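Here is a short report on charged pairs and nonpolar packing. Please keep the sequence and the model open while reading.

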Amino acid sequence: MENLNIITKHLVPFISEEEIASQEPVIMQHLEAMHARTGRGSDFLGWLNLPSSVTGEELERITRLASEWKEEIDLLVVVGIGGSYLGAKCVIEALSHTFSHLIMPGQYPLVLFAGQNLSEDYMVDLLELLDHMSYGIVVISKSGTTTEPAIAFRILKNHLEEREGIETARKRIIAITDRSKGALRQMAGKEGYTTFVIPDDIGGRYSVLTPVGLIPIAMAGFDIKNLVKGAQRMEELTGPDTAFPHNPAARYAAARNALYRKGKTTEILVNYQPKLHFFSEWWKQLFGESEGKEGKGIFPASVDFTTDLHSLGQYIQEGLRNIFETVISVKEPENKLVIPRDKNNLDQLNYLAGKRIDEVNKMAEMGALIAHIDGGVPNISIEIERISEYSLGQLIYFFEKACAVSGYALGVNPFDQPGVEAYKKNMFALLGKPGFEKEGQELWKRLK
């Protein structure tokens with residue numbers, strides 16, 4: 001199995017290899033400090049050696065549970081927000097048949113998500129679907145009181161109990177929560193739910209390789225052992241003992257920080273495979289919550305090419321020059337499809353007859369690369385052999401490690417998210433939550 005490859009040669013018109021290499025001392029210093037657990041937020045470094053510490057027994061327990069549940073349900077609803085749903089969703093979407101939601105029932109349950117928004121229409125639509133399906137729930141929350149998932153779980157729990165009866169409902173709910181405290185832990189103990197633990201020292205956006213991600217991924221029928229294997233390999237390749245020129249996470253962190261110092265304050269993650277759309281969503285949360293604080297940080301954005309070449313492509317080519325691109329390049333797709341010859345050739349595409357669609361896609365990728373470099377947009381490429389559990393495990397750990405090092409290089413704590421609390425306090429006050437009455441009065445005055 002091949003490892004991912006990071007290519008920085010297309011940065012040369014904008015920053016030299018010497019400028020990237022000049023970042024080595026500070027990047028490696030932060031990498032060593034992280035492994036020594038002496039940096040800021042060191043009490044949230046449980047993900048750092050997670051791949052190598054996941055036991056076969058843990059994976060077997062999850063795999064066995066997934067095998068049992070696939071005989072009982074048609075659909076699984078995963079309740080969570082932020083890292084409690086994005087990690088699982090990005091892997092499941094990347095590995096699933098594009099139209100799996102229309103090919104029902106399958107060998108494994110279809111996995112849907114709730115609690116990631118406050119849309120009443122979304123919830124009503126979901127309930128209407130569940131009225132006709134046999135389903136189970138995986139609820140993910142350390143506290144059990146985060147507004148969005150707590151509301152969704154209350155509604156879904158009530159729906160499942162009314163439909164199946166309390167005893168059956170209890171058997172179809174898995175709670176992934178804190179080891180000993182919190183409302184969800186208390187409820188799970190009282191109701192007798194099957195439970196898994198979110199480690200205290202792992203934040204949501206770094207939790208894909210814990211039960212938070214592994215259980216939904218296994219329930220969808222994918223190989224979590226190979227996912228973890230890919231992450232284990234990347235853990236080996238990105239440790240402080242791996243020299244800077246051969247350390248992909250260190251090189252990526254160095255390149256993007258060198259670009260940031262040159263005024264490139266927005267990074268666009270590019271994919272040419274629609275199945276990676278939600279991987280980009282996970283990546284945006286990882287970097288946005290980790291770096292965007294204290295008036296600092298590279299703004300994470302994403303595009304799906306070639307689709308967005310016909311919309312945002314205009315801005316990327318000729319807009320404000322504060323951007324750079326990181327392209328996830330997939331060498332080989334899962335399937336093969338050749339363009340046929342047409343006797344009339346009215347669309348003038350016979351010059352492509354006999355070529356694979358992927359060859360056209362690759363030429364679009366190369367053409368956009370050259371065009372964007374010519375237009376003043378630096379490009380980093382990250383190559384993977386194919387979209388698989390192993391390669392996704394590598395990508396996940398690679399970005400986690402690079403993000404943490406990048407955050408340290410910026411001088412911020414990459415493991416907290418104090419800014420997320422601002423909207424919550426205002427929402428509680430406006431809703432009249434006990435203890436927020438004074439703030440609520442002041443906010444309503446401002447809104448009037």
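## Charged pairs within one helix

Asp-358 and Lys-362 sit four residues apart in helix H15 (residues 357–374), so about one helical turn separates them. Helices here are DSSP runs of H or I with at least four residues, and strands are E runs of at least two, numbered from the N terminus. The two side chains form a salt bridge, with the closest N and O atoms 2.7 Å apart. A salt bridge means a side-chain nitrogen of Lys or Arg within 4 Å of a carboxyl oxygen of Asp or Glu. Both Asp-358 and Lys-362 are buried. Buried means under 20% relative accessible area, exposed means over 50%, and partly exposed lies in between (1.4 Å probe, protein chains only).

Helix H7 (residues 147–164) holds another such pair, Glu-161 and Lys-157, four residues apart. Their salt bridge spans 3.1 Å, N to O. Both residues are buried.

## Basis of the model

The model is predicted: local features need pLDDT of at least 70, side-chain atom pairs count only at pLDDT 80 or more, and totals for chains, interfaces and linings use all residues. Residues are numbered from 1 along each chain as its sequence is written, and side-chain values use heavy atoms, leaving out hydrogens and water.

## Salt bridges across the sequence

The whole structure has 21 salt bridges. One of them joins Lys-262 to Glu-19 at 2.9 Å, N to O. Lys-262 lies in the loop between helix H12 (248–261) and strand E7 (266–271), and Glu-19 in helix H1 (residues 17–21), so the pair ties together parts 243 residues apart in sequence. Lys-262 is partly exposed, at 44% relative accessibility. Glu-19 is also partly exposed, at 27%.

Glu-2, Lys-331 and Glu-385 are linked in a salt-bridge network.

Glu-365 lies in helix H15. Beyond its neighbours within four places in sequence, Glu-365 contacts Tyr-272, Val-327 and Ser-329. Contact means heavy atoms within 4.5 Å.

## Nonpolar cores

The largest nonpolar core has 93 residues. Such a core is a set of buried Ala, Val, Leu, Ile, Met, Phe, Trp, Tyr and Cys residues joined through side-chain atoms within 4.5 Å. Helix H16 (residues 389–410) gives the most to this core, with twelve residues. A second, separate core of 22 residues includes Val-77 and Met-133.
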